[in-house]
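Me: I'm new to this one and I'd like to learn how to read it. Could you walk me through its features?

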Amino acid sequence: MSTRPASGHALPSRSSRFALAAVLLAAMACQEPPPPPGPRDVTITGSDYAFQLPDSLQAGPTVFHFNNAGKVPHEMAMALLKPGVTLEQVMARVKAGASPDSLLDGIVGILIAIPGVPVVGGLSVELLPGRTYAMYCNFQDSPDKPPHSALGMVSSRTIAAAP
Ligand SMILES: [Cu+2]
């Protein structure tokens with residue numbers, strides 16, 4: 001003789017429904033929000049006398065690393081140009097012997113890399129969408145030699161909008 005319901009299905013008992021709810025709540029409590037994305041790492045390589053860097057840079061937190069593939073010391077100085085200012089305008093000002101400061105919103109920072117000396121740090125920057133950053137090296141091989149920026153060690157990137 002069977003005492004099962006005719007349908008063969010039974011609603012969960014009240015206690016098992018509470019147990020299910022407790023498991024669901026525990027699972028939800030374990031789901032923490034995803035951590036914010038970390039900064040992008042961008043490596044710039046300096047040589048005698050040029051910079052190699054990605055064609056495009058994304059807006060947002062970024063850590064720049066600077067390697068020296070050349071034979072002489074280099075710096076990677078970075079400046080934020082005022083909106084609408086181009087690298088050509090800055091370089092024209094420099095070639096004329098004038099200060100480009102009025103064309104800049106500021107200096108972001110400087111990394112220095114000496115050949116054969118390990119690089120142990122980076123430059124953290126919050127890259128702003130639509131803004132242009134200039135990278136340049138003003139080191140000279142000797143006091144009577146031109147700054148490396150005049151030899152081609154200058155570049156810029158306009159930051160793309162975040163995806
Ligand atoms: Cu240099």
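This is a predicted model: local features need pLDDT of at least 70, side-chain atom pairs count only at pLDDT 80 or more; totals for chains, interfaces and linings use all residues.

Me: What is the order of the strands in the open sheet of 4 strands?

Reply: As a general idea, strands of a sheet pair through backbone hydrogen bonds, either parallel or antiparallel. Here the order is β5-β4-β7-β8, and the pairing is antiparallel. At the edges sit β5 (104–113) and β8 (154–158), each pairing on one side only. On average, neighbouring strands of this sheet are turned by 20 degrees against each other, direction ignored.

Me: How many bridges are there between β4 and β5, and which residue stands opposite His 74?

Reply: β4 and β5 pair over 8 bridges, in the antiparallel sense, with His 74 opposite Ala 113 in β5. On to β4 and β7: that antiparallel pairing has 4 bridges, and Ala 77 faces Tyr 136 of β7 across it. Finally, β7 (residues 132–136) pairs with β8 over 5 bridges, again antiparallel. There you can find Thr 132 opposite Thr 158 in β8.

Me: Which strands does helix α2 lie across?

Reply: Helix α2 (residues 87–95) lies across β4 (74–81), β7 and β8, and runs at about 150 degrees to β8. As for β4, that strand is mostly covered, with 6 of its 8 residues buried.

Me: Which residues touch the most other members in the largest nonpolar core?

Reply: The general idea is that in soluble globular proteins, nonpolar side chains tend to be buried together. In this model the largest nonpolar core has 24 residues, and those touching the most other members are Ile 44, Phe 66, Met 76, Ala 134, Met 135, Tyr 136 and Met 153. Two or more residues of this core come from each of β3 (60–68), β4, α2, β5, β6 (123–127) and β7.

Definitions and conventions
Residues are numbered from 1 along each chain as its sequence is written. Two strands pair if DSSP finds at least two bridges between them. Axes are lines fitted to C-alpha atoms, for helices over the stretch in contact, and angles run from 0 to 180 degrees between N-to-C directions. Two residues are in contact if their C-beta atoms, placed from the backbone, lie within 7 Å. A residue is buried if 20 or more other C-beta atoms lie within 10 Å of its own, exposed if 12 or fewer, and partly exposed in between; C-beta atoms are placed from the backbone. A nonpolar core is a set of buried Ala, Val, Leu, Ile, Met, Phe, Trp, Tyr and Cys residues joined through C-beta atoms within 7 Å.
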